[in-house]
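Please keep the sequence and the structure in view while reading.

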Amino acid sequence: MATPNTENLVKKNEEYASSFDQGHLKAPPAKKYAIVTCMDARIHAPQAFGLGLGDAHIIRNAGGSARDAYRSLVVSEQMLGTNEIMLIKHTKCGMVGLTNDAALDVVHKNCGEEAKKECEGMEFHGIGHEEEGVRDDVQWLKAQKAIPNDITITGWIYDVETGKVREVK
């Protein structure tokens, strides 16, 4: 059964495809970098970060977690030739202060005991504070053997109220 969202997807895709002329782009990103950022709907990554189609890999997950993105980053770096990673978390992130126990409690409340058990081995990667989360993830990435030492890794915070980014050192 079609929903308003699926109907919108089909309609907007037809409009997009009618003038699409970028089928020649290669899978490796032209600017040879990857961005890890949050899945938060307030972040319009291509516009906020100045990206055109084919420029960079954009890897999104809850909280912009490097650990959740690691598999994709290994593919990006090792198989598709990127040589830089920008890790971009954001202000007012719902992952700040989230614990695994709190997340499991929500799953249990919403979906029951079996769903909670299914998720018990899952790491939700909550963060204490945005800057702390950025520093921790950057350090973690730099320690991974499958991310070569010559890969540039930087950390950033995107402000959802102003649209500005700032580097975290």
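## Surface and charge

In this predicted model, the protein exposes about 10500 Å², and carbon and sulfur atoms supply 53% of that area. Buried residues account for 36% of the 169 residues in the protein.

The side chains that carry charge comprise 20 positive and 25 negative ones, and the centres of these two sets lie 4 Å apart.

## Overall fold

The secondary structure of the protein consists of 6 helices and 5 strands, which follow one another along the sequence in the pattern α-β-α-β-α-β-α-α-α-β-β. Taken along the principal axes, the box filled by the C-alpha atoms has dimensions of roughly 50 × 50 × 35 Å.

Among the contacts in the protein with a separation of 6 or more, 67% are made by residues 24 or more positions apart.

## Lysine 116

Which helix holds lysine 116? Lysine 116 is placed in helix α5, which covers residues 113-119. When its neighbours within four places in sequence are left aside, lysine 116 is in contact with Leu104, Val107 and His108.

Lysine 116 is buried and yet has no salt bridge.

Terms used: Residues numbered from 1 in each chain as written. Predicted model: local features only at pLDDT ≥ 70, side-chain atom pairs only at ≥ 80, totals over all residues. Heavy atoms only, no water. Helix = DSSP H or I, 4+ residues; strand = E, 2+ residues; numbered from the N terminus. Buried < 20%, exposed > 50% of the residue type's maximum accessible area, 1.4 Å probe, protein only. Lys, Arg positive; Asp, Glu negative; His and termini not counted. Salt bridge = Lys/Arg side-chain N within 4 Å of Asp/Glu carboxyl O. Contact = heavy atoms within 4.5 Å. Areas by Shrake-Rupley, 256 points an atom, 1.4 Å probe, with all protein chains shown as cover. Charge placed at Lys NZ, Arg CZ, Asp CG, Glu CD.
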